[in-house]
Amino acid sequence: MDYNAFLEGFANSLTLTNLGFGLLGTILGTLVGVLPGIGPALAISLLLPITFTVEPQSALIMFAAIYYGTMYGGSTTSILLNTPGESGSMMTALEGNKMARAGRAGAALATAAIGSFVAGAIATGILALAAPFIADLGLRLTPADFFALMVLAFGTVGSVMGSSPVRGLISMSVGLGIGLIGMDPQSGAQRLTFDAVQAMDGIPTVIIIVSLFALGEALYVAMRGQMGLSKINSFAGRASMTREDWRRSWKPWLRGTAIGFPAGVLPAGGSELPTFLSYTLEKKLSKNKSEFGHGAIEGVAGPEAANNANAAGALVPLLALGLPTSATAAVILVAFQQFKIQPGPLLFTEQPVLVWTLIASLFLGNLLLLVVNLPLIKVWVKLLQIPVPYLYAGIMVFAMVGAYALKNSTFDLWSALVIGVLGLLFRRYGYPITPLILGAILGPMAEVEFRRALQISQGDYLTLVSTPFSIVLYSALALALIGPPLWRKTRGLRQNTN
Amino acid sequence: MSSLATKGAKGELVFTSFLFALSIVILWDTTQLTESALTGSVSPKAFAFGVGGLLFALSAFQIAQVLRGKLGEPEGIEGGEATSKANWKALGLVVSAIVLHIVLLPFLGFMIASTVLFFLVAFALGEKRWLKLLIISAALSAIVYFGFTEALQLDLPFGFDFTQTTPVEEEW
């Protein structure tokens with residue numbers, strides 16, 4: 001490890017500007033986590049215009065802080081309102097809301113916040129240790145290996161998310177299709193542009209994310225939503241835990257971290273899966289099984305730790321390999337690219353100070369979140385009283401500004417409308433959104449590696465499966481796709497014979 | 001099967017068929033590509049055929065699933081509840097709000113276009129006190145406009161700038 005860059009990075013993160021942007025990010029992130037209808041990926045996309053005026057370091061620190069912050073904020077709404085502000089907090093709502101109703105809101109909020117802090121600190125530590133090592137490994141990978149890595153990501157993200165693997169994979173392929181749009185940089189061929197000049201550069205990632213998350217969501221809420229403020233659980237006194245709460249929380253925190261971090265590193269597409277796994281595990285291990293469903297503190301502690309560790313885990317493949325594994329990581333990748341910085345194996349040698357500043361800021365941001373969050377809970381509760389129509393209208397205005405500001409072109413706004421309607425239909429018919437986004441972003445990257453590999457082998461397709469690494473990855477993918485249905489089938493058979 | 005479920009099945013069948021049609025468009029477009037004379041480069045067709053073929057196979061399979069009655073579960077709604085009946089009026093209003101915003105933006109400028117957008121979206125989602133809403137819409141649009149143009153140096157159309165012919169858009 002490059003200790004000089006590490007120290008310089010840490011010193012850098014302590015400058016007034018960087019601390020300020022870190023603080024701003026944590027507050028914005030918490031806000032985004034608290035409010036329904038807006039998640040971290042959308043929030044960062046809407047803030048991308050600041051990359052035109054703000055220094056790379058400061059902007060990236062803020063975006064990473066937003067990512068961490070949403071994980072904190074989401075728990076507040078889950079516990080006090082029973083409406084998770086973002087998808088990673090769904091599991092927290094199960095037990096957390098019950099605890100709040102039983103007058104234990106303070107303990108639920110505290111175990112969520114402290115658990116998030118513990119998980120964030122451990123996971124950021126592992127990130128700092130593991131990322132350079134993985135980047136080193138990344139330098140030795142061939143284009144065929146990289147292509148295999150991305151195919152694995154397509155397969156797992158597609159099949160893990162959503163109600164059925166086929167729906168997830170269809171969503172992924174639609175994303176890959178959108179990724180094809182535009183002029184192919186290598187041959188100059190125009191794919192799916194239908195002779196529109198404005199489509200030559202392809203559909204920008206920001207447009208895709210903004211239209212799916214902001215427009216798609218608003219359209220769906222208009223069509224299907226029955227809005228009304230749900231009752232806010234009363235919360236008096238301080239967010240604190242008793243000795244008994246601590247005793248019951250610390251193991252779930254660590255187990256949640258152990259589940260969340262690897263799930264973030266692997267392309268599992270976000271925080272739904274690890275929080276769900278953590279919840280199920282805690283339920284299984286708990287000595288107070290009967291309490292589950294009526295406000296068991298383990299059911300809050302585990303998933304909350306898992307979703308924070310997950311956010312840190314997702315930064316490993318992003319920084320070390322340049323591969324985003326969640327929608328939010330994909331937007332942060334776009335932010336890097338706006339600054340003409342390419343995350344990946346070379347990042348640690350080319351921009352060591354930037355990387356270490358970012359990682360050091362994550363530690364600080366995590367600490368800030370703990371300090372800022374608990375005393376401010378009453379402010380967040382106030383924010384929940386913003387009427388939903390105003391919230392969505394506001395998100396819509398910001399979304400359109402963000403989409404327009406990219407190139408000052410109304411063509412982008414029309415594409416946003418079309419993709420927004422697609423987002424509405426995906427929601428209506430139960431197709432997951434995240435695979436589409438990852439397909440659209442990873443698709444063009446995968447094609448580059450695909451071609452590099454074939455160029456080296458002069459068109460021999462066998463090169464794609466010629467390295468041990470790629471063979472291992474493809475086998476893993478086959479197992480992930482065929483395994484679960486096969487397992488279900490044999491289990492079903494066994495149950496039948498019993 | 002109840003009439004409601006049949007209706008949902010029909011809608012989903014149309015949507016799945018649309019995805020299938022999308023795959024045909026991708027495949028057709030790929031066959032229309034002219035091979036470049038560049039030597040050594042792998043054709044842009046290979047990857048596109050893969051993508052189109054994947055969507056083709058998956059959506060065909062999914063159409064069969066829908067026909068067998070395996071329908072998708074509509075997604076839940078944050079901060080409210082999902083109804084089983086579609087509110088076409090509200091949906092139409094939000095779509096028109098977006099269309100109006102895009103059409104008005106180059107001519108009347110950001111502030112007016114955004115006021116219209118904010119007003120219509122909030123109105124569609126249930127805010128009926130229109131005077132209060134109008135004031136908030138206008139105030140917010142002004143704040144956003146000056147925030148973005150002054151603080152972030154973004155270039156948003158102010159509108160009514162007749163010295164400049166057709167401000168942003170070329171015909172397409």
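## A partly exposed aspartate and its partner

A:D136 is partly exposed, with a relative accessible area of 42%. Here buried means under 20% relative accessible area, exposed over 50%, and partly exposed in between, computed with a 1.4 Å probe on protein chains only. A:D136 forms a salt bridge with A:R140, and the closest N and O atoms of the pair are 4.0 Å apart. A salt bridge is a side-chain nitrogen of Lys or Arg within 4 Å of a carboxyl oxygen of Asp or Glu. A:R140 is exposed, at a relative accessible area of 63%.

## Basis of the values

This is a predicted model, in which local features need pLDDT of at least 70 and side-chain atom pairs count only at pLDDT 80 or more, while totals for chains, interfaces and linings use all residues. Residues are numbered from 1 along each chain as its sequence is written, chains are lettered from A and ligands numbered from 1 in the order in which they are written, and side-chain values use heavy atoms, with hydrogens and water left out.

## Other salt bridges in chain A

Over all chains, a search of the whole structure finds 14 salt bridges. Side chains of opposite charge can pair when their charged atoms come close. One of the pairs joins the side chains of A:R248 and A:E291, at 3.0 Å from N to O. A:R248 lies in helix α10 (residues 243–265) of chain A and A:E291 in the loop between α11 (272–285) and α12, so the pair ties together parts that are 43 residues apart in sequence. Helices (H or I, at least four residues) and strands (E, at least two) are DSSP runs, numbered from the N terminus. A:R248 counts as buried at 11% relative accessibility, whereas A:E291 is partly exposed at 29%.

The side chains of A:E449 and A:R452 also meet in a salt bridge, 3.4 Å from N to O. Both residues lie in helix α18 (residues 434–456) of chain A, three residues apart, which is about one turn of the helix. A:E449 counts as buried at 12% relative accessibility, and A:R452 is partly exposed, with a relative accessible area of 43%.

## Helix α12 of chain A

Helix α12 of chain A covers residues 298–321, 24 residues in total. From its first C-alpha to its last, α12(A) reaches 34 Å, close to the 34 Å expected at 1.5 Å a residue. The expected span is 1.5 Å times one less than the number of residues in the helix. α12(A) is mostly covered, with 24 of its 24 residues buried. A:G322 follows α12(A) and has a positive phi, near 75°.

## Layout of chain B

Chain B has four helices and one strand. Along the sequence, these elements follow the pattern α-α-β-α-α. Of the 172 residues of chain B, 40% count as buried. Among contacts in chain B with a separation of 6 or more, residues 24 or more positions apart account for 61%. Contact means heavy atoms within 4.5 Å.

## Interface of chains A and B

84 residues of chain B are in contact with 79 residues of chain A. The area buried between the two chains is about 7100 Å², of which carbon and sulfur atoms give 73%. Buried area is the accessible area (1.4 Å probe) that two parts lose on being put together, summed over both. The rule finds two salt bridges across this interface. One of them joins the side chains of B:E12 and A:R167, at 2.9 Å from N to O. Between chain B and chain A, seven residue pairs are in polar contact, both residues being at pLDDT 80 or more. A polar contact is a pair of N or O atoms within 3.5 Å; within protein, one must be able to donate a hydrogen and the other to accept it, and residues adjacent in sequence count only if both atoms are side-chain atoms.

On the side of chain B that touches chain A, at least two residues each come from α1 (3–31), α2 (45–67), β1 (80–82), α3 (88–124) and α4 (130–151). α3(B) gives the largest share of that side, 18 residues. By class, that side of chain B has 51 nonpolar, 20 polar and 13 charged residues. Ala, Val, Leu, Ile, Met, Phe, Trp, Tyr, Cys and Pro count as nonpolar, Asp, Glu, Lys and Arg as charged, and the others, Gly among them, as polar.

## B:T83

B:T83 lies in the loop between β1 and α3 of chain B. B:T83 is partly exposed, with a relative accessible area of 21%. Leaving out residues up to four places away in sequence, B:T83 touches A:M223, A:R224 and A:Q226. B:T83 and B:A151 are 68 residues apart in sequence and 41 Å apart in space, C-alpha to C-alpha.
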